Amino acid sequence: MKQQPEAFHPNSTAALADPVLRSNFRGAMDFLRSKRRTAFAVDDAEGGDFDALSRRGEAIKQRCLQQLPALLEQLEQNCTRNGIQVHWAETPAQANQIIESLIRARSGKHAVKGKSMVTEEIGLNDYLDDRGVRCIESDMGEFIVQLAGETPSHIIMPAIHKDAGQIASLFEKTLEDTPYTEDVDRLIGIGRQQLRERFQHADVGITGVNFAVAETGTLCLVENEGNGRMCTTIPPLHIAVTGIEKVVAQLSDVPPLLSLLTRSATGQKITTYFNMISSPRKPGEQDGPEEVHLVLLDNGRSQAFADEELRKTLQCIRCGACMNHCPVYTRIGGHAYGTTYPGPIGKIVSPHLLGLDATKDLPTASSLCGACEEVCPVRIPIPKLLQRLRVESSHAGTAEEKVKGAGSGRKPLEALVWRIWSWACRHPAIYHRGASLAAHGRKLFKFLPSRWKTQRTMPQPAKITLHTALKNRQRRSASPCPQEKIY
């Protein structure tokens, strides 16, 4: 997938002008928010106390991230002991080359893939397709966007931007002998029938990983459709791909995070399928792959890990709750961002993956209302991190902790205005004179050229400055009170 965050402004303008897209997102977001509220509104005994559970989830993720290098080594040792071969990839190109070499070693031509955002991140489908390996998405939403030649617009609901009529037209156009129908059950049945044949003839199954347990060398995979289990059991080769931040220390860390993930993502207490993969097929077992490989991807995550504040971006468990509650995302959808990870979490993750020079507009696409932080199940301070990325986008520096591409968003005119403002603030007489002139000329502000006015009313300075208002108040307070009449 070619990522184009540089086109965020024209993309978002086009999205705002699309009434069907906005209607589809409005309905979908309302539905998901309602489901989440219900999931966390149950008795505490059932795990619905969001505050307590999210504090626990945050503590688990922070503890695991503090030990990340050691846990990754432990994960590799235990996976290897179990028969899972571990590979390390610093870049998307390296990850793709590793996966291709594994498929080539078995002369593979056909792959089925479970839903995996990290393989979207590395552009795996296009890479394999260019080299003669056809990779079919097996998650229903991913299958739909693949047929449409699109990319996911949401990390949990990839085809959430489409309604039943659009999917019916797509199936009728792209699948042979498929009549038009908007019956959702029939559409799902058509998709499943198509996929079932692909599973039977696949040479390799590719999946992501939700949690990688270091103490046991176990790969955990969360899903609802059973396609993940088909990918990991039918083909003779299973390749799991994941970012390095998905490792947790022990099995007991998984249940709280799983509870937060499913409730926050789809409003479920638990998903239909929870797969735990610990080894290839053993002698005497009826099914399972002959080989299991784990590809651990960095792709900018080490940069985030090295900075104690930005490390919190790695706490994300990919639930999508921040997107569902973001006033920006819910109006423009995920494609407008031009990145694998859209919405609030994408705006703090993508700069590490692609650099601020490519993503400098994304941190500004937020009202900083705080809804994303309020619903985040692992308490990532997204607004605070957005503010920091905004600053780094405009200020180049030599400090090692700067995000790649820092300073690329600097605008000379804006920088000049701020320098003048800073100088005026250090010279009170100049500052007060300027503020007074602005107050007197307040009605002229509406004639200033600015993109701000295309969607908003141009703000005007107050009639009198704050300094003048305070002086007036002090003068009134110092005046003697009118003498009370005595009768």
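Is F40 buried or exposed? In this predicted model, F40 has a relative accessible area of 13%, which is under the 20% cut-off, so F40 is buried.

With that residue in view, we can turn to the ring pairs. Across the whole structure, a search finds 6 aromatic pairs. One of them joins F40 and F50: the ring centres are 4.9 Å apart and the planes stand at 75°, so this pair is edge-to-face. It connects distant parts of the chain, with F40 in the loop between α2 (19–39) and α3 (50–66) and F50 in helix α3, 10 residues apart. F50 counts as buried too, at 15% relative accessibility. F50 also has a charged neighbour: the charged end of R36 sits over its ring, 4.8 Å from the centre.

Another edge-to-face pair is formed by W421 and Y431, with 5.9 Å from centre to centre and 80° between the planes. This pair also links distant parts of the chain: W421 belongs to helix α20 (residues 412–425) and Y431 to helix α21 (residues 428–440), 10 residues apart. Here both partners are partly exposed, W421 at 46% relative accessibility and Y431 at 33%.

Here are the two pairs side by side:

| Pair | Centre to centre | Angle between planes |
|---|---|---|
| F40 and F50 | 4.9 Å | 75° |
| W421 and Y431 | 5.9 Å | 80° |

Elsewhere, ring pairs join F8, F25, Y329 and Y337 into a cluster. Finally, R318 lies over the face of Y341, 4.5 Å from the ring centre.

Notes:
Residues numbered from 1 in each chain as written. Predicted model: local features only at pLDDT ≥ 70, side-chain atom pairs only at ≥ 80, totals over all residues. Heavy atoms only, no water. Phe/Tyr/Trp six-rings, centres within 6.5 Å; stacked < 30°, edge-to-face > 60°. Helix = DSSP H or I, 4+ residues; strand = E, 2+ residues; numbered from the N terminus. Buried < 20%, exposed > 50% of the residue type's maximum accessible area, 1.4 Å probe, protein only. Lys NZ or Arg CZ within 6 Å of the ring centre and 35° of its normal.
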